[in-house]
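Please look at the sequence and the model shown here, and consider how the chains meet and what space is left between them.

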Amino acid sequence: MSNELLYSSMGDLELAAILNQELRLKLADRAALEVHPSIVLIGDVMGAGSTVIKTGFVGLDGYDAMSAVAEGSSSSNTALTDDAVSVTVARQALQRQISDLASIVNRGRMDPERLVADMVGAARMRKMAMLAALATSFTNTVGTSGSDMSVDDFFDGDIILNMASVPAEGRLAILHGRQIGDLRQSLRAESGALQWDQATVDMIKAAGPGLIARFLGYDIFQSSKCPAANTNADRAGMMLGAGALIYAEGTREPMIGDAAGVLAPGTKVWIGFERDEAGALTKVVGNYYIGVNIAEDARGVAVITDHE
Amino acid sequence: MGIDFGSNGETRSEAVVVGTTGAANRLPRMDPTPAFLVATHPRQWIVVESNGKLELLPQLVELAIEPGIGDCDEYGNPDKMIRARENKGFIVLKQEWAKASDTPDGQSGYVRRFQVQKGHVHHMAWTKYRNVAGQMILERDEKSYHAWLRRLLAEGLLPAPDSSVIEAMLIRARERQDRANSRDTKGNALAAKLADQANKAVFSLEEISTRQAGLSEEQKAARIEFLQSQLSQLQGGK
């Protein structure tokens with residue numbers, strides 16, 4: 001036999017592959033905590049004359065209680081306790097460059113417009129990573145190096161925060177996925193009434209997809225950005241009270257000389273475009289000006305437990 | 001095309017490189033990690049067992065050196081961050097505290113880095129990554145790492161654990177032991193395991209506390225022997 005119409009012989013009529021019109025996102029941790037009482041925005045450095053915002057703390061409204069003074073005796077001055085923490089705003093950026101030909105061929109799927117959205121996601125994850133990195137700076141820690149996180153560790157952290165008079169409202173635990181897995185595993189050993197409330201749609205809407213549960217009055221947020229400790233044997237998560245972490249931003253508004261650029265709606269992410277007409281290339285650069293710090297050390301506890 | 005046979009009839013085969021696409025030569029696909037300093041706080045310790053002896057060694061945490069994070073300035077200068085952490089009681093370890101003789105690769109300093117597709121991964125000198133079937137496996141030289149920490153303690157670069165710290169750790173471990181032993185461990189293997197861990201933690205810390213206490217060597221030895229027998233009984237009884 002000869003001249004059969006075989007797939008393998010019709011190279012001129014076939015494509016090596018066709019592309020699904022939808023580009024699916026590659027798996028990654030995209031959970032960024034947008035709004036929570038434990039993380040407070042303290043200001044914007046635009047027009048401030050400095051990259052540093054200093055926020056003051058003052059011991060009023062019950063910090064110093066009255067004391068008994070005998071009748072006829074004079075009271076004396078009580079010194080005011082104060083403190084201050086600084087946040088330094090710095091540039092965080094991501095740059096991509098795409099050719100016109102690539103944009104034409106991938107119109108609607110991978111073009112400069114799509115890269116604008118990419119910059120917003122990149123800025124959100126940068127903020128999350130910066131916040132998570134603060135865990136190692138708390139002086140109080142719970143957990144045991146090389147041991148799985150347990151309900152006991154959680155209780156230990158809770159006790160430390162309670163002893164420091166951290167308000168019960170607005171508590172948050174940012175933990176690595178491994179820590180959350182171990183914590184849930186150890187829940188199986190508990191015989192008393194402990195409620196692990198899986199996050200509801202409303203909770204996720206309020207705090208983002210990383211919020212996975214509520215436990216003992218804490219919002220439980222999972223993040224792969226929790227930093228390493230003890231030569232990577234462990235991860236450092238954290239348990240926080242309201243106002244434990246602070247951040248400041250810098251708004252970059254349009255300026256003279258901008259060829260093209262846009263402030264991504266609802267964010268402080270400035271996205272600039274740079275054309276290379278000779279090369280038919282477009283650079284998309286996302287700039288986000290942010291700084292983070294711990295507000296008060298006693299409002300948080302590092303949770304350092306096994307990573308493997 | 002006909003088959004080209006040799007003079008004695010065997011096929012003439014050539015070497016063929018099959019299935020390589022250069023993947024093995026590509027840089028690892030890992031998220032870059034920032035340069036860092038390590039710090040310890042006199043209240044943060046880990047319990048380590050070596051040569052059958054328990055000891056407390058400092059817990060080291062990484063402080064990322066990146067503009068905008070926790071007192072690092074906008075240029076990534078960590079001076080202010082170091083001062084801020086020192087004000088909170090942390091001791092930020094100097095790079096020169098890790099001598100060439102302390103590290104597995106014989107180089108001084110405690111931070112190492114290697115290139116990945118999108119930057120560098122920074123890591124401690126006592127860890128290394130190995131590519132196993134496309135997955136980066138982390139390996140640690142704990143023996144050498146612990147030896148370094150011991151040297152820092154012995155030379156007074158890091159302070160020895162204060163007795164009040166050991167006492168506080170012991171109190172917390174006893175609370176945990178109470179909680180663990182109040183659970184019903186019958187038929188609950190996990191609860192039993194946690195109880196074992198809690199008991200061991202208490203006896204470990206008591207042993208360390210005893211070694212540091214102002215007792216005679218005979219008294220210490222007798223107390224440690226007692227603690228170890230108690231632990232053996234507890235573990236044997238499960």
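In this predicted model, the lining of the largest cavity is made up of Ala133(A), Leu134(A), Thr136(A) and Ser137(A) from chain A, together with Leu63(B), Ala64(B), Ile69(B), Gly70(B), Met81(B) and Arg85(B) from chain B. Within chain B, the elements that each give at least two residues to this lining are β4 (61-64) and α1 (79-87). The space inside the largest cavity is about 50 Å³, and the count of cavities of 30 Å³ or more comes to one.

How many residues of chain A are in contact with chain B? There are 47 of them, and they meet 39 residues of chain B. The size of an interface is often given as the accessible area lost when the parts come together. For chain A and chain B, the buried area is about 3600 Å², with 45% of it coming from carbon and sulfur atoms. On the chain A side, the residues that lose the most area to chain B are Thr139(A), Asp152(A) and Thr231(A), which together account for 18% of what that side buries.

The interface also holds polar links, with 21 residue pairs in polar contact across it, both partners being at pLDDT 80 or more. Several elements of chain A give two or more residues to the side that touches chain B, among them α2 (112-132), α3 (151-163), α4 (177-187) and β15 (281-294). The largest share, six residues, is supplied by α3(A). Taken as a whole, the side of chain A that touches chain B divides into 19 nonpolar, 19 polar and nine charged residues.

Over all chains the count of salt bridges is 28, and between chain A and chain B it is six. In one of these, Arg126(A) and Glu66(B) meet through their side chains at 3.2 Å, N to O. Because Arg126(A) lies in helix α2 of chain A and Glu66(B) in the loop between β4 and α1 of chain B, this pair joins two chains. The side chain of Asp156(A) meets that of Arg179(B) in a salt bridge, also given as 3.2 Å from N to O. Here Asp156(A) belongs to helix α3 of chain A and Arg179(B) to helix α3 (residues 163-182) of chain B, so this pair too joins two chains. Asp156(A) forms a salt bridge with Arg176(B) as well, where the closest N and O atoms are 2.5 Å apart.

Notes: Residues numbered from 1 in each chain as written. Chains lettered and ligands numbered in written order. Predicted model: local features only at pLDDT ≥ 70, side-chain atom pairs only at ≥ 80, totals over all residues. Heavy atoms only, no water. 1 Å grid on protein atoms, 1.4 Å probe; cavity = no way out; pocket = protein on both sides within 12 Å on 5 of 7 lines; lining within 4 Å. Points joined across faces, edges and corners; volume = space filled by probe spheres on them. Helix = DSSP H or I, 4+ residues; strand = E, 2+ residues; numbered from the N terminus. Contact = heavy atoms within 4.5 Å. Buried area = accessible area lost by both parts, 1.4 Å probe. Salt bridge = Lys/Arg side-chain N within 4 Å of Asp/Glu carboxyl O. Polar contact = N/O pair within 3.5 Å; in protein donor to acceptor, adjacent residues only side chain to side chain. Nonpolar A, V, L, I, M, F, W, Y, C, P; charged D, E, K, R; others polar.
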